[in-house]
Amino acid sequence: MMEQMEHLKALLAASGAFLEGHYRLENGLHALSYYDCSRLLQYPQTAAQAAEELLPGAGRATHTFAPSITSLILAFEIARRLGLHMILDAPPFDEESFRFEPEARVLIVEDVVVTGRSLDYATDWVRRRGGQVIGYAVLIDRRAEGGAYRGIPLRAALWDPISTFTPPQCPACRAGLPLTGAPANYPKGLR
């Protein structure tokens with residue numbers, strides 16, 4: 001596991017995906033670092049290597065589900081390698097008439113998790129359409145607690161807890177550093 005994390009860290013560093021600075025997250029809190037996985041996943045060969053880190057979390061899945069643009073690349077690559085179906089929150093699957101076949105076991109794939117908001121959205125999306133969520137495969141878990149999420153197994157290739165601050169508590173704000181908005185990567189249902 002440690003070798004796997006070091007390999008992923010090297011991929012993230014080489015692609016410039018790990019950013020340090022002063023970022024306003026979608027939830028309004030501030031952070032001093034940010035992962036922009038679109039920088040990592042823009043290269044198919046690197047994306048394939050990153051997805052490989054998530055294969056052990058696939059378990060007995062029959063489907064992968066991608067709730068966001070960058071997770072789409074990872075979910076596709078996992079599905080391709082394991083011969084699974086890949087579903088995403090886009091036509092024709094976003095119509096209310098779409099239903100998973102009986103016994104569908106869905107692995108939700110995400111690139112970065114900070115609060116779990118996108119996992120909640122994805123879980124609800126899958127369950128409303130008759131799928132059973134069997135786990136989460138996450139490239140980078142930035143939650144403080146790590147591990148399972150709401151009783152569902154979560155396997156992360158890298159656990160890197162993030163420190164967040166309210167604006168009055170933020171050391172970068174106190175130092176007068178310019179604030180950059182972290183680009184939103186949420187599914188359209190969360191915007």
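Gly147 lies in the loop that joins strand S6 (132-141) to strand S7 (154-159). The model is predicted.

**Gly147**

- With a relative accessible area of 39%, Gly147 is partly exposed, because that class lies between the 20% limit for buried and the 50% limit for exposed.
- When neighbours within four places in sequence are left aside, Gly147 is in contact with Asp141 and Leu154.
- Ala79 is 68 residues from Gly147 in sequence, and the C-alpha to C-alpha separation of Gly147 and Ala79 is 23 Å.

**Aromatic pairs**

- Seven aromatic pairs are found in a search of the whole structure.
- One of them is the edge-to-face pair of Phe98 and Phe100, with 5.2 Å centre to centre and 70 degrees between the planes.
- Phe98 has 15% relative accessibility and counts as buried; Phe100, at 6% relative accessibility, also counts as buried.
- Tyr136 and Tyr149 form an edge-to-face aromatic pair, with ring centres 6.0 Å apart and planes at 75 degrees.
- This pair links distant parts of the chain, since Tyr136 is in strand S6 and Tyr149 is in the loop between S6 and S7, 13 residues apart.
- Tyr136 and Tyr149 are both buried.

**Aromatic cluster and charge**

- One aromatic cluster is formed by Phe65, Phe98, Phe100 and Trp125.
- The ring of Trp125 has the charged end of Arg129 sitting over it, 4.0 Å from the ring centre.

Key: Residues are numbered from 1 along each chain as its sequence is written. This is a predicted model: local features need pLDDT of at least 70, side-chain atom pairs count only at pLDDT 80 or more; totals for chains, interfaces and linings use all residues. Side-chain values use heavy atoms; hydrogens and water are left out. Helices (H or I, at least four residues) and strands (E, at least two) are DSSP runs, numbered from the N terminus. Buried means under 20% relative accessible area, exposed over 50%, partly exposed in between (1.4 Å probe, protein chains only). Contact means heavy atoms within 4.5 Å. Rings of Phe, Tyr and Trp (its six-membered ring) pair if their centres lie within 6.5 Å; planes under 30 degrees apart count as stacked, over 60 as edge-to-face and the rest as tilted. A charge sits over a ring if NZ of Lys or CZ of Arg is within 6 Å of the ring centre and within 35 degrees of the ring normal.
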